[in-house]
Amino acid sequence: MERFEKVFLCAAALVLVAFLGALGYSSLAMGIHLPSHFGMIHYTADQKLRKVLRKTPPFDHPGVHQVAPGKYQVVVIGLTWSFLPDLIELPLGADVTFVATSMDVIHGFFIAGTRVNMMLIPGQVSEFNYRFRKPGEYLLICHEYCGRLHQTMSAKVVVK
Ligand code: CUA
């Protein structure tokens, strides 16, 4: 084998090991995972999802809920073409868990300027944990095409 072949093979192997190491460290030690569905909402074909959600906790009470000192749960429902609630007010630095779902079709859930980014899938519950470190107004938008007025689907997050 050529000397250069050996060098490049070794370098490639080292890069692979470094990437696998970073992947393992971030998922095992830092607990970073892909945003995914944490639960399902059970309903049958003849039940309207809208009616089921109205009776299914936590979606029977959309909004901001303080669950412990400095800890908040924000329950959001996405529907064509808005978010419920459309105004979310949070204290700066709080430990916030967004719990969201869709009432009709697939929507996106992205808060501009943050890494809060989820898919809202009918019948599935999406969760995302975040801490706002800068006060201000943030725009929550749907970033998944969901029909004629998709571009108008937004809400406001106010952090102070
Ligand atoms: Cu909802 Cu696009």
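**Reading strands, rings and burial**

Me: In β8, which residue is the bridge partner of F109?

Reply: M118 in β8 is the bridge partner of F109. Some ground rules first. This is a predicted model, where local features need pLDDT of at least 70, side-chain atom pairs count only at pLDDT 80 or more, and totals for chains, interfaces and linings use all residues. Residues are numbered from 1 along each chain as its sequence is written, and side-chain values use heavy atoms, with hydrogens and water left out.

Me: How many helices and strands are there in the protein chain?

Reply: Elements are DSSP runs, numbered from the N terminus: helices are H or I with at least four residues, strands are E with at least two. The protein chain has two helices and 11 strands. From the N terminus on, the order is α-β-α-β-β-β-β-β-β-β-β-β-β.

Me: In which sense do β7 and β8 pair?

Reply: Two strands pair if DSSP finds at least two bridges between them. Strand β7 (residues 107–111) and strand β8 (residues 117–120) pair in the antiparallel sense, over four bridges. Together they form a hairpin with five residues between them. G113 sits in that turn, with a positive phi of about 85°.

Me: What joins β7 to β10?

Reply: Two bridges do, and the strands run antiparallel. I111 stands opposite L140 in β10. Strand β10 is also joined to strand β11 (residues 154–159), by six bridges and again antiparallel. There, Y138 stands opposite V157 in β11.

Me: What is the order of the strands in the open sheet?

Reply: Five strands run in the order β5-β11-β10-β7-β8, with mixed pairing. β5 (87–90) and β8 stand at the edges; each has a single partner strand, so one side of each is left without a neighbour in the sheet. On average, neighbouring strands of this sheet are turned by 20° against each other, direction ignored. Axes here are lines fitted to C-alpha atoms, for helices over the stretch in contact, and angles run from 0 to 180 degrees between N-to-C directions.

Me: How is a pair of aromatic rings described?

Reply: By the distance of the centres and the angle of the planes. Rings of Phe, Tyr and Trp (its six-membered ring) pair if their centres lie within 6.5 Å; planes under 30 degrees apart are stacked, over 60 edge-to-face, and the rest tilted. The count here is five aromatic pairs. One of them, F98 with F132, is edge-to-face, at 6.4 Å centre to centre and 80° between the planes. That pair links distant parts of the chain, 34 residues apart. F98 lies in strand β6 (residues 95–102), and F132 in the loop between β9 (124–131) and β10 (136–141). F98 is buried, at a relative accessible area of 0%. F132 is buried too, also at 0%.

Me: Which residues do ring pairs link into a cluster?

Reply: F83, F98, F109, Y130, F132 and Y138.

Me: Which residue lies over the face of F4?

Reply: A charge sits over a ring if NZ of Lys or CZ of Arg is within 6 Å of the ring centre and within 35 degrees of the ring normal. R3 lies over the face of F4, at 5.7 Å from the ring centre.

Me: How many disulfides does the count come to?

Reply: A disulfide is a pair of cysteine sulfur atoms within 2.5 Å. The count comes to zero. C142 is buried, at 6% relative accessibility. C146 is buried as well, at 10%.

Me: What radius of gyration does the protein chain have?

Reply: The radius is taken over C-alpha atoms, and the globule rule is 2.2 Å times the number of residues to the power 0.38. A compact globule of 160 residues would be near 15 Å, but the protein chain has 20 Å. Along the principal axes, its C-alpha atoms fill a box of roughly 70 × 40 × 30 Å.

Key: Buried means under 20% relative accessible area, exposed over 50%, partly exposed in between (1.4 Å probe, protein chains only).
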